[in-house]
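Hello,

Here is the structure I promised to pass on. Have a look at it first, and then read my notes below.

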Amino acid sequence: MSDHAETARQFLALHTSERPLLIPNPWDPGSARLLAWMGFKALATTSGGFAASLGRLDGNVSREEAVAHAAAVGEASGLPVNGDFENGFADDPAGVAETVKLALQAGVAGCSVEDWSGSEIYDIGLAAERVAAAAEAAHSGPVHMVLTARAENHVHGHHDLQDTIARLLAYQEAGADVLYAPRLRGIEQVRAVLEAVDRPLNVLVLPGVPPVAELAEAGVSRISVGSSFALAAYGALVEAARELQGPGTYGFLERALLGYQEGTREAFARA
């Protein structure tokens, strides 16, 4: 328990350093170990990337699978891990709190909870109650699990920045340690959120998002990539397979050699 508490404490402290915490999203223990070997200080799971590794679409992983996966990523990497637990796998606050408790029992350092039910955005009142229940579960024991509250408006076509800010402020008041509004549009929206809230902000890397240096200058505390790394790996697999099926050449071996010599050979040898 003391190790878990220290890992969680270190994870929260990483959000207050001078530079943003770059928190990539592995999709299995192997990718987690490789990213740890490359020097990243913390990791986050990706619901979409993990689901893809099981041959499923995003949103088709169970609570038990997601918690076990986050624990496995932490064990493989030795780093603090933020678990992507979607909407907490429950609509009601008690169910969300139960998910957080299971993650704590599994030794996870942090987790995120969305305000999207799978079919609609929760009413702001209920959404804040869900965050409050999660915060109570995350913070009431000897381990202060880092709770990230996510406002999903922009992911689902609700491009109302003022509503997003109102939600983030409600989640801040409810006890969230970190705030996250995926798919903010441009640096001006990021700055508007940063001016309004008083918690570390996570920004998701997507096309059009400013580079790390510009986000750092604006005051962003954490930058994650979501399922992008996993999809990039699957994209490389598609390219290699098409080359083999089509011209029948082996250009993919150059990338394979890079993965072996400058990645897996050294990273996995330390297992």
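How many salt bridges does a search of the whole structure find? The search finds nine, where a salt bridge is a side-chain nitrogen of Lys or Arg within 4 Å of a carboxyl oxygen of Asp or Glu. Before the details, please note that this is a predicted model, in which local features need pLDDT of at least 70, side-chain atom pairs count only at pLDDT 80 or more, and totals for chains, interfaces and linings use all residues. Residues are numbered from 1 along each chain as its sequence is written, and side-chain values use heavy atoms, with hydrogens and water left out.

**Salt bridges**

Helices (H or I, at least four residues) and strands (E, at least two) are DSSP runs, numbered from the N terminus. Arg150 is buried at 11% relative accessibility, and Glu114 is buried with a relative accessible area of 11%. For these labels, buried means under 20% relative accessible area, exposed over 50% and partly exposed in between, using a 1.4 Å probe and protein chains only.

Another salt bridge pairs Glu239 with Arg255, their closest N and O atoms being 3.5 Å apart. Here Glu239 sits in helix 10 (residues 228–245) and Arg255 in helix 11 (residues 252–269), 16 residues apart. Glu239 is exposed, at 52% relative accessible area. Shared partners also join Glu114, Arg150 and Glu152 into one salt-bridge network.

**The aromatic pair**

The whole-structure search finds one aromatic pair. The ring centres of Tyr250 and Phe252 are 6.3 Å apart and their planes are at 85°, so the pair is edge-to-face. The cut-offs are centres within 6.5 Å for rings of Phe, Tyr and Trp (its six-membered ring), with planes under 30 degrees apart counted as stacked, over 60 as edge-to-face and the rest as tilted. Tyr250 is exposed at 53%, whereas Phe252 is partly exposed at 25%.

**Helix 5**

The 13 residues of helix 5 (residues 93–105) should span 18 Å, and its end C-alpha atoms are 19 Å apart, which agrees. The expected span is 1.5 Å times one less than the number of residues. Its buried residues are Gly95, Val96, Ala97, Thr99, Val100, Ala103 and Leu104. After helix 5 comes Gly107, with a positive phi near 85°.

Best wishes
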